[in-house]
Amino acid sequence: MVVLFLQPKDFVLHLFALLILSLWAVEWALGGYRPQVDLSSFTAIRIWLGKNPRNWALVGAIGFGTAVVISTVVSPLPAVSLWGRDFVHLGYELYSVLSLLVIFFAISLRTGSADQVRRILWVVAGAGAVTGLYGISQRFGWDPIGDGENESRVLSSFGNPIFFGSYLVMSTVITLGLALDEARKNDRWWLPVIALLVGIQLTAMWFTGSRGPWVGLVSGFIAFGALGALSLDRTQLVKAGSVLVSGLLLAAVLVNVAGDSDDGTGRGLGSIVSGVSPAAGGLGARADIWEGSFRLLDSWETQQSESAFQSSLRPLFGLGPEMFFYSYPLVANPQSGVIVPSHAHSLPLQLIYSYGFVGLATFVVLTVSTLIVGISVIRQRRAGLTGGGDWLAIVMLAVMASLIGRSVEQAVGVARVGDLVPFWALLGVALAVYGMSRDTNTAVRPLRSGALHFFPVAGVSILAIVALGVFFVRDIQPLRAGLKSADAFEAAAAGNSSEAQRLMQRASELAPDVEQYRVWTGELLVEEAGLQVQSTAALQSLGEAYEAFIAYEERDPYSFATQLRINLAETEFVNRGNNFFSEDLIERAVRISNSLPSYPTIQAVAAERVLIAGQIELGRSLAERAIAMESAARPQPFAWFMRGNALAELGDLDGALESFTTALEREPEGQLAPGIHSNVALVYESIGNTTLAEEHRALAAEIEAALIAESGN
């Protein structure tokens with residue numbers, strides 16, 4: 001999914017942004033220009049801004065970009081904030097934000113005709129229809145590209161049903177607006193075609209089973225109707241309403257043909273309205289994230305200690321792009337499992353934590369000014385419309401409705417590149433339409449003729465070389481690496497371990513800053529070490545795995561995935577008698593446990609590893625830290641198991657038996673049960689009770705045999 005769908009989106013975004021910048025530079029070097037604006041003094045700036053919401057929006061966008069740059073500079077990990085933590089969660093790191101802003105400025109400043117606007121809207125609507133068809137095909141069990149036919153909620157080409165739904169919030173409303181295109185008002189087939197496209201997207205939206213996008217889409221339709229009442233005549237309102245109703249009817253037919261049901265499996269109505277309790281997923285999980293996130297507003301904690309000056313900058317410029325992932329575990333409520341959220345699941349919160357209150361304030365200036373722009377055009381054109389049929393007003397109506405729906409959805413949503421691009425593009429369209437309505441759109445002077453000047457040409461050449469280098473290293477090479485990794489997984493699935501390792505190693509060489517390739521390379525080597533009969537060969541594979549993991553540590557010393565795997569390799573070395581890594585194992589295990597204090601599973605794992613290194617009291621302490629976070633919803637059998645092992649080593653056999661018994665109560669027949677029964681047998685044997693020892697050994701063998709048989713089926 002990553003190579004097929006996610007990486008190409010990043011690739012295309014960065015490609016077009018760098019291309020636009022290069023063309024602007026060439027235009028500047030050859031003499032093209034925009035009309036000059038006098039910004040030489042505060043008074044001149046005040047006059048230029050005046051009451052013009054478009055100019056305020058442009059200033060807001062510039063301020064937002066500046067805030068992102070500063071937050072990246074003061075980030076605990078500037079390189080990660082600049083390029084991104086990985087290739088799955090892109091969209092908020094500086095590279096992508098600046099690319100999105102380039103798209104925004106290109107559209108808002110250089111779009112000057114109704115046909116240009118029409119083409120942009122059709123790109124958004126057409127992509128929604130095509131991806132909608134793809135999503136529907138997945139629901140009907142056919143996916144010729146990926147493996148989406150096996151998912152309970154369709155994800156189309158977005159890799160996640162929520163991201164897909166987020167895009168459909170905007171594209172469906174834009175498609176509805178295209179029904180009112182005056183250029184097509186005499187085409188009889190136009191409205192049925194638009195109704196078909198709306199129906200396809202509504203059907204796909206249903207199959208995503210995503211609550212937030214549905215709320216956003218309904219809000220968008222409501223906004224369309226409310227704004228339409230201000231700018232459309234009765235005929236156009238009826239036309240838009242009939243298209244929407246027809247689309248809904250088509251969606252109802254397709255949903256029923258697909259056999260959709262209210263069974264709570266992630267596709268029907270049950271999946272959309274369920275999961276709102278604190279113990280459930282959906283809003284319940286989000287509420288838990290928000291509760292922990294709000295603590296950051298007081299502490300602004302980071303994984304590393306900071307000076308008073310650095311701490312004072314956090315409220316202003318945030319933790320830095322991508323840094324929420326590292327700070328959230330420090331303030332979170334006790335968690336089940338080991339998944340760490342990379343997003344606050346609320347756009348305002350995400351902006352605060354990534355770019356600070358300065359970033360949020362400038363973004364608010366941009367969006368509120370854009371809203372004022374939209375209302376201004378709709379009100380301005382209402383009085384002069386002939387039958388309500390003004391194309392610019394219709395465009396603004398559709399764009400504003402889609403952005404309002406998107407804003408509602410993002411109040412509890414997560415954005416990625418795939419849906420951030422149309423969002424910023426539509427913001428640009430709104431400003432461009434405002435400029436066209438007031439004849440203030442900028443024009444480009446014809447390129448001057450005559451001799452070229454050295455310095456402009458040299459500057460453009462340098463910029464082109466830098467842009468090409470950045471694109472090659474940060475986009476082309478990672479995409480090539482992604483293809484290599486896909487081939488590696490195919491080789492591993494076919495049983496060709498050596499070829500899988502070679503391909504994954506090559507992926508790491510092509511994109512050394514991508515953590516996943518290092519992790520996957522090391523995991524393949526660890527797996528091979530476990531299959532080695534000879535200890536020398538096993539240690540060699542472990543050493544290579546360790547080197548693969550450690551190679552990423554310099555870029556990101558706080559990466560949980562890498563640190564856990566480095567610690568695993570160290571543990572395996574010590575397990576095999578190589579005590580050279582004992583001190584590093586203990587120090588790293590403690591550091592990991594302190595970086596994820598709200599994750600009892602991590603505490604228990606750290607306990608196991610320090611026990612292997614011989615730190616018995618420390619292991620007991622870490623196990624008890626995990627047990628302290630236990631609840632009915634978060635039983636900790638592994639932590640009780642580790643506590644029992646520690647107490648047995650300390651000679652407290654009664655305490656050990658009590659801990660083992662508690663662990664078995666938490667997990668009587670799971671993966672841990674055979675090991676627990678075996679250790680109980682050892683305790684009984686040590687006190688001379690051979691009968692109970694044999695009983696527990698028999699239980700261990702019985703459960704293990706059942707687990708093997710179950711895995712075989």
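These legends describe close-up views of a predicted model.

**View 1. Threonine 72 in helix α3.** Threonine 72 lies in helix α3, which covers residues 53-73. Its relative accessibility is 5%, so threonine 72 counts as buried, the cut-off being under 20%. Beyond its neighbours within four places in sequence, threonine 72 is in contact with Pro78, Ser81, Leu82, Leu94 and Pro321.

**View 2. The largest nonpolar core.** This core has 120 residues. Phe104, Leu121, Phe224, Tyr353, Val399 and Trp424 have the most contacts inside it. Helix α18 (residues 417-437) gives the most to this core, with 13 residues. A second, separate core has 47 residues, including Leu611 and Trp640.

**View 3. Tyrosine 353 and its contacts.** Leaving aside neighbours within four places in sequence, tyrosine 353 is in contact with residues that include Phe294, Trp300, Leu319 and Phe324.

**View 4. Helix α15.** Helix α15 spans residues 324-331, and eight of its eight residues are buried. Among them are Phe324, Tyr328 and Val331.

**View 5. The largest cavity.** The structure holds five cavities of 30 Å³ or more, and the largest has a volume of about 120 Å³. It is lined by 15 residues, of which Tyr92, Leu347, Phe363, Leu420 and Trp424 are the closest to its centre. Helix α16 gives the most to this lining, with four residues. By class, the lining has twelve nonpolar, two polar and one charged residues.

**View 6. The second largest cavity.** Its volume is about 110 Å³. The residues that line this cavity include Lys9, Asp10, Arg416 and Asp419. Helices α1 and α18 each supply at least two residues of the lining, which divides into seven nonpolar, one polar and four charged residues.

Definitions and conventions:
Residues are numbered from 1 along each chain as its sequence is written. This is a predicted model: local features need pLDDT of at least 70, side-chain atom pairs count only at pLDDT 80 or more; totals for chains, interfaces and linings use all residues. Side-chain values use heavy atoms; hydrogens and water are left out. Buried means under 20% relative accessible area, exposed over 50%, partly exposed in between (1.4 Å probe, protein chains only). Contact means heavy atoms within 4.5 Å. A nonpolar core is a set of buried Ala, Val, Leu, Ile, Met, Phe, Trp, Tyr and Cys residues joined through side-chain atoms within 4.5 Å. On a 1 Å grid over the protein atoms alone, a cavity is a set of points where a 1.4 Å probe fits but cannot get out, and a pocket is an open set with protein on both sides within 12 Å along at least five of seven lines; lining residues have an atom within 4 Å of a point. Grid points are joined across faces, edges and corners, and a volume is the space filled by probe spheres set on the points. Ala, Val, Leu, Ile, Met, Phe, Trp, Tyr, Cys and Pro count as nonpolar, Asp, Glu, Lys and Arg as charged, and the others, Gly among them, as polar.
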